[in-house]
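Colleague: I am new to this structure. Please take a close look at a single part with me, then connect it to the rest.

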Amino acid sequence: PEDNFANLPHFHAAFSKQPEPPALAGLKSTLVVDACDALVSGEPIDIEQWRKRFTDAFLIKPEQAATLDLAGLILTVLEPAAQHLAPLIAATRRRGARFPIDWERLTSAPMDHLSIILTSAKFLRARARVYIAQGNGDAAARDLIYLFHLSRQLDNQPTWIQFLVRQSTL
């Protein structure tokens with residue numbers, strides 16, 4: 001039972017139909033992905049434009065954004081999610097951990113955990129890209145390893161949607 005992913009607070013919420021934690025809100029914004037693209041593109045960065053975009057999206061307060069570079073903006077927006085997803089990252093190392101899916105319901109079995117996996121993968125990819133842009137290869141490699149561990153949790157699952165989600169996490 002302690003190896004079951006449903007014992008983690010955010011998965012418990014998914015399986016009990018509770019709303020997603022607000023800490024993940026920054027990951028729902030395409031702005032983070034766009035900022036990561038700009039960061040690693042090698043093109044000149046208009047930091048004032050990015051600060052305005054982040055504050056206009058209410059992802060960061062103007063006084064916080066005023067002194068940050070683009071990598072700092074992204075990491076600041078990701079920080080609440082990092083704290084929230086830390087137990088999930090730790091749980092991916094548990095051998096035999098499974099999601100509590102009622103397979104007797106076959107195709108009508110709820111798959112709410114898949115959105116959490118996709119959001120978590122998006123977070124890990126974004127943070128790894130920032131670390132790469134900062135020259136922090138060790139931290140980027142650690143996040144990519146976590147990403148592979150996360151995708152591995154969907155190995156040998158019996159539905160196509162789980163297979164497709166696994167592929168999209170990589």
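Does Gly72 count as buried or exposed, and at what relative accessibility?

Modeller: Gly72 counts as buried, because its relative accessibility is 14% and the cut-off for buried is under 20%. Keep in mind that this is a predicted model. Gly72 lies in helix 6.

Now the setting. The chain has 170 residues, and 43% of them count as buried. It holds 9 helices and 0 strands. Along the sequence the pattern reads α-α-α-α-α-α-α-α-α.

In soluble globular proteins, nonpolar side chains tend to be buried together.

Why do they belong together? An α-helix has 3.6 residues a turn, so residues three or four places apart point the same way.

Val33 is also found in helix 3. Val33 counts as partly exposed, because its relative accessibility is 30%. The C-alpha atoms of Val33 and Arg127 are separated by 10.0 Å. Along the chain these two are 94 residues apart. After helix 3 comes Gly42, whose phi is positive, near 85 degrees.

Next, the charged pairs. The count comes to 5 salt bridges. Side chains of opposite charge can pair when their charged atoms come close. Asp34 forms one of these bridges with Arg53, with the closest N and O atoms 3.7 Å apart. Asp34 lies in helix 3 and Arg53 in helix 4, so the pair ties together parts that are 19 residues apart in sequence. Asp34 counts as partly exposed, at 31% relative accessibility. Arg53 is partly exposed too, with a relative accessible area of 32%.

The side chains of Lys52 and Asp56 meet at 2.6 Å, N to O. Lys52 and Asp56 are 4 residues apart in helix 4, so about one helical turn separates them. Asp56 counts as partly exposed, at 46% relative accessibility.

Follow the chain past helix 4 and you reach Phe58, in the loop between helix 4 and helix 5 (62-65). Phe58 counts as exposed, because its relative accessibility is 75%. Its phi is positive, about 60 degrees, although it is not a glycine. Most residues other than glycine have a negative phi, and most peptide bonds are trans.

Arg127 comes up again in a further salt bridge. The side chains of Asp143 and Arg127 meet at 2.6 Å, N to O. This pair links distant parts of the chain, with Asp143 in helix 8 and Arg127 in helix 7, 16 residues apart. Asp143 counts as buried, at 0% relative accessibility. Arg127 counts as buried as well, at 13%.

Ile132, Leu144, Phe148 and Leu170 make a nonpolar surface patch of about 380 Å². Of these, Ile132 has its place in helix 7 (residues 113-134).

Note on methods
Residues numbered from 1 in each chain as written. Predicted model: local features only at pLDDT ≥ 70, side-chain atom pairs only at ≥ 80, totals over all residues. Heavy atoms only, no water. Helix = DSSP H or I, 4+ residues; strand = E, 2+ residues; numbered from the N terminus. Patch = residues over 30% accessible without salt bridge, like charges linked within 9 Å, V, L, I, M, F, W, Y side chains within 5 Å. Areas by Shrake-Rupley, 256 points an atom, 1.4 Å probe, with all protein chains shown as cover. Salt bridge = Lys/Arg side-chain N within 4 Å of Asp/Glu carboxyl O. Buried < 20%, exposed > 50% of the residue type's maximum accessible area, 1.4 Å probe, protein only.
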